[in-house]
Amino acid sequence: SLGPALFRMNAVLSAQEVSFEDAREQLREEQLADMARRALADDLDLFEDLLAGGASLRELTDETDMEYGEIDWRPDTRAGIAAYESFREAARSLQAGDFPELEALEDGGLFALDYLDTLPPAPQPLDEIREQVAADWENAQIRARLREVAEALQDGSEPPAIGAMPVRFEGITRNDSLPDLPGAVVDAAFEMEPGETRIIADDTQVHVVELHAVASPDPLMEEVSELREAIERQIEQSIAQDLFGYFAASLRERTSIQLDQRVIDAVQANF
């Protein structure tokens, strides 16, 4: 009733059969999760009406089955409900005076946030973190000395004796993963020009990288051929998606039916 539709067949997957006994536990978990989501959906209007009527989160939990809790949230908090990315995202954007609103968790649960107070910064007692402080200071000093050695190597001056020999890697591709080379080093190498020297440092290591040459890919190599085909497929899919997007946009402009995507998403989230 909305007009023509486009379909694209990508593949046909062989059927797989799983016995009921093997699937029993998974089916049980899925059924319980579905029942929980349905129970939440049945009470969704009640939750929203209470919040819209000015009920606090504590009053909401007193009148419903929702649970009340408080958390000292920081950007690096990952414990409890903060393990959910949706909660952390909502907490990051929460401001004092914001009205509590229902939000959805990744597994279908619901939560609402209320800003209570801003905790003043407080230093941790030195006796509790003395060993960590000493280790951090020692590591910082080591990195600083290694940085000085790396800069001396980069400038071509005589560096202090460090008992390390240069290692040469040949034939490295962008997708290579080598135990002696962190990914950041490989990424930086493909940004450099032949003859360029660059220092790449992280929290534990300092590397001095010199690029000797850039080799063109061999078109006869199987990996190169597969990569070329993958890029061509990606381009074709991107063009197809763009064409479908233009078709859908044109179809919406020519019909009197209006779709509110936010309402659709909200309904689907409660299924």
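Student: What relative accessibility does Asp-260 have?
Tutor: Asp-260 has 38% relative accessibility and therefore counts as partly exposed, a class that lies between buried (under 20% relative accessible area) and exposed (over 50%), with a 1.4 Å probe and protein chains only. Bear in mind that this is a predicted model, in which local features need pLDDT of at least 70, side-chain atom pairs count only at pLDDT 80 or more, and totals for chains, interfaces and linings use all residues. Residues are numbered from 1 along each chain as its sequence is written, and side-chain values use heavy atoms, with hydrogens and water left out.

Student: OK, which residue does Asp-260 form a salt bridge with?
Tutor: Its partner is Arg-262, with 3.9 Å between the closest N and O atoms; the term asks for a side-chain nitrogen of Lys or Arg within 4 Å of a carboxyl oxygen of Asp or Glu. Arg-262 itself is exposed, with a relative accessible area of 70%.

Student: Arg-88, buried or exposed?
Tutor: Arg-88 counts as buried, because its relative accessibility is 9%, while Glu-85, at 33%, counts as partly exposed.

Student: And how many salt bridges does the structure hold?
Tutor: There are 12, among them one between Arg-147 and Glu-151, whose closest N and O atoms are 3.6 Å apart. Both of these residues lie in helix H4 (residues 126–155), 4 residues apart, or about one turn of the helix. Arg-147 counts as partly exposed at 35% relative accessibility, and so does Glu-151 at 36%.

Student: Switching topic, how many residues are in the largest nonpolar core?
Tutor: That core has 11 residues, including Phe-47, Leu-60, Leu-102 and Ala-112. Helix H1 (20–52), helix H2 (57–63) and strand E2 (110–112) are the elements that give two or more residues to this core, and H1 gives the most, with 4 residues.

Student: What does Leu-60 touch?
Tutor: Leaving aside residues up to four places away in sequence, Leu-60 touches Phe-47, Leu-50, Leu-51 and Met-66, where contact means heavy atoms within 4.5 Å.

Technical notes: A nonpolar core is a set of buried Ala, Val, Leu, Ile, Met, Phe, Trp, Tyr and Cys residues joined through side-chain atoms within 4.5 Å.
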